[in-house]
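I opened this model to look up its core, its chain contact and a few helices. My notes are below, in the order I made them.

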Amino acid sequence: MEIQQNKSTLEVTPRNDEKIKKIWKTAGILLALTIAEFIMAFTMDRGILLYALFIALTIWKAKYIMMEFMHLGDEVKPLFYSIIVPLIFLIWLLIALAKEGTDIFNMRW
Amino acid sequence: MSAQSTAIGVSSKRGVWGGGNEPLKASYGKLMMWFFLLSDIFTFAAFLITYLATRVTYPAYAGPADSFVGSNQYWPIPELVFEAVPFLHGVHAPLVFVGIMTFILISSSVTMVLAVEAGHRNDRNDVVKWMLWTIVGGATFLGCQAWEWNHFIHGTDAGSVLTYINGLNQEVTETVFGANLVVNEYGPATFAQLFFFITGFHGFHVTIGVVLLFLCFYQAAVGVYDRRGHYEMVEKIGLYWHFVDLVWVFVFTLFYLI
C-alpha cells in the first residue's frame, strides 16, 4: 500500500543528452590530466620544473571540478567571487611558510 | 520556489531571517554548504601547506632510485614508499595502487554529478541508480585507504636501520619496520605524522560523505524528495562529495607525486 502511494507526482523531464555528454567529457579531461601526471612522474627528472608542472595541472583539475562538477561557474557572480577571492589569503600562507621552511633548513643542515 | 509576489522572493513558510529568501540566487542550504566548504578549504590548505613547509626543512633523497633506503636524515621519494599493491606481495609497482584509488574517487564524483543532473529532472530512478554507484565508489575508496594505511603501518620485509630517540627518551639504533608517530622506516618522523594526519582527516571526510550519501540515497528511494517537491538535497550533498574529491586531487599531488 505504502509503495503505491509512493508514486512520484513530480513531472520527470527526459534526459538531456548534451548535458550528460558534457559531464563525461569533463570526466575524460580529469582522467587525461591524471594520466599525464603519472607519466611525468616516471619520465621527467625531479626538480622545480616538474613540481611546478604538477601544481599547475592540479590547479587545472581543481578548476574543472569546481566549475563543472560543483557548478560554481553557473552561480551568480557575487557568490562566485565570495568563494574565490578569500583564497588569496592562501597565497600569503604559502609564501610565509615556504620562507619559514627554508630558513629552518638553513639552520639545521 | 520563491513567492513571485514579493520583491525579494521570501518564502511564506520561513520568512526573511529564517532562510526563506535567496540572497545570491542560491537557497539557504546551498549557500551555507558553500561557505562551510570554503572554511574546509582553509583547513585542508593549512595542512597541505604545512606539509610543504615541513618537507623543505629536510634535504631530498639525492641518490639513484634503485638504491633507496629509508632514513630520517632526508625526505623519501613517494614512488619508492607507496609501491605495494594488494595480493602482489613483493612486487615493485610504484604508485599503481594510489592511481587506482584516485581513479575510483574521480569516478564516484562523476556518478555523483550524474545523480545531481537526474535530480534536476526529478527523475527518481536515475537519482537512486547514480547515488548507489557513488556509495559503492566511496566505500571502495575507504577500503583501499584502509589497506594503504595497514601496509604503511606494518612496513616492508626489510625495514630500515635508523638511529632515533625512542619513547623512553633514549637514543637507539635498530631496524625499524613500518610507521608510527615516533619513528618510521621511510623518512623523518614528521613524514609519517603528516601522512596519518592529512590522509586520515581526508578519510574522515570521506566516511562522513558516505554516510550522507547513504541517507540521501535512502530518502530519494522512499520518495521524500518527491513529496518535498525538489531534489536540492542531492545537489548539496553532491557539493560536499565533489569537495572531498577536490581535496584528494591536492593530496595526491603533494603526497604521492612531489
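These entries go from the core to the helices, then to the contact and the loops.

Entry 1: I am working on a predicted model, so I read local features only at pLDDT of at least 70.

**Entry 2: the core.** I asked which residues touch the most other members of the largest nonpolar core. That core has 68 residues. The residues in question are B:Ala115, B:Val127, B:Met131, B:Leu213, B:Val234, B:Val251 and B:Phe252. The biggest giver is α8(B), with 17 residues.

**Entry 3: α8(B).** Is α8(B) largely enclosed, or is it open? I found 22 of its 26 residues buried, so α8(B) is largely enclosed by the rest of the structure. From first C-alpha to last, α8(B) reaches 37 Å, close to the 38 Å expected at 1.5 Å a residue. I then picked out B:Val251, one of the core residues with the most contacts to other members. Leaving aside residues up to four places away in sequence, B:Val251 touches B:Ile198, B:Thr199 and B:His202.

**Entry 4: α6(B).** I checked the length of this helix as well. α6(B) has 33 residues, which should span 48 Å at 1.5 Å a residue. Its end C-alpha atoms are 47 Å apart, so the two values agree. After α6(B) comes B:Gly223, with a positive phi near 90°.

**Entry 5: α3(A).** I ran the same check here. For the 22 residues of α3(A), 1.5 Å a residue should give 32 Å, and the end C-alpha atoms are 31 Å apart, which agrees. Which residues of α3(A) are buried? I noted A:Phe54, A:Thr58, A:Lys61, A:Ile65, A:Met66, A:Glu68 and A:Phe69. A helix has 3.6 residues a turn, so residues three or four places apart point the same way. The cover over the buried residues of α3(A) includes α2 of chain A, and also α4 and α8 of chain B. Just after α3(A), A:His71 takes a positive phi of about 60°.

**Entry 6: the contact between chains.** I looked up how many residues each chain puts into the contact. Chain A gives 45 residues and chain B gives 42 residues. On the side of chain A that touches chain B, α2, α3, α4 (77-84) and α5 (88-108) each supply at least two residues. There α5(A) gives the most, with 11 residues. By class, I read 30 nonpolar, 8 polar and 7 charged residues on that side of chain A.

**Entry 7: domains of chain A.** Chain A is divided into domain 1 (19-74) and domain 2 (76-109). Taken over C-alpha atoms, 21 Å separate the centres of these domains.

**Entry 8: the record.** I turned to UniProt, where the entry is unreviewed. For chain A, its annotation "transmembrane region" covers residues 48-66 and 78-98. In the model, residues 48-66 of chain A are 100% helix, with end C-alpha atoms 27 Å apart. Residues 78-98 of chain A are 86% helix, with ends 32 Å apart by C-alpha. For chain B, the "transmembrane region" annotation (unreviewed entry) covers 31-53, 95-118, 130-149, 194-218 and 239-257. I checked two of these spans. Residues 95-118 of chain B are 96% helix and 0% strand, and their end C-alpha atoms lie 35 Å apart. Residues 239-257 of chain B are 100% helix and 0% strand, with 26 Å between the end C-alpha atoms.

**Entry 9: positive phi in loops.** B:Leu24 is not a glycine, yet its phi is positive, about 60°. I placed B:Leu24 in the loop between α1 (16-20) and α2 of chain B. B:Leu24 has 15 other C-beta atoms within 10 Å, so I class it as partly exposed. B:Asn122 is also a residue other than glycine with a positive phi, near 55°. B:Asn122 sits in the loop between α4 and α5 of chain B. It has 19 C-beta neighbours inside 10 Å, so it counts as partly exposed.

**Entry 10: B:Ile41.** Is B:Ile41 buried or exposed? I found 20 other C-beta atoms within 10 Å, so B:Ile41 is buried. B:Ile41 lies in helix α2 of chain B. I also took its C-alpha separation from B:Ala220, which is 29 Å across 179 residues along the chain.

Terms used
Residues are numbered from 1 along each chain as its sequence is written. Chains are lettered from A and ligands numbered from 1 in the order in which they are written. This is a predicted model: local features need pLDDT of at least 70, side-chain atom pairs count only at pLDDT 80 or more; totals for chains, interfaces and linings use all residues. A nonpolar core is a set of buried Ala, Val, Leu, Ile, Met, Phe, Trp, Tyr and Cys residues joined through C-beta atoms within 7 Å. A residue is buried if 20 or more other C-beta atoms lie within 10 Å of its own, exposed if 12 or fewer, and partly exposed in between; C-beta atoms are placed from the backbone. Helices (H or I, at least four residues) and strands (E, at least two) are DSSP runs, numbered from the N terminus. Two residues are in contact if their C-beta atoms, placed from the backbone, lie within 7 Å. Domain bounds come from an automatic or database domain assignment. Ala, Val, Leu, Ile, Met, Phe, Trp, Tyr, Cys and Pro count as nonpolar, Asp, Glu, Lys and Arg as charged, and the others, Gly among them, as polar. The expected span of a helix is 1.5 Å times one less than its number of residues. UniProt positions are given in the numbering used here, feature names are shortened, and annotations may be inferred rather than shown by experiment.
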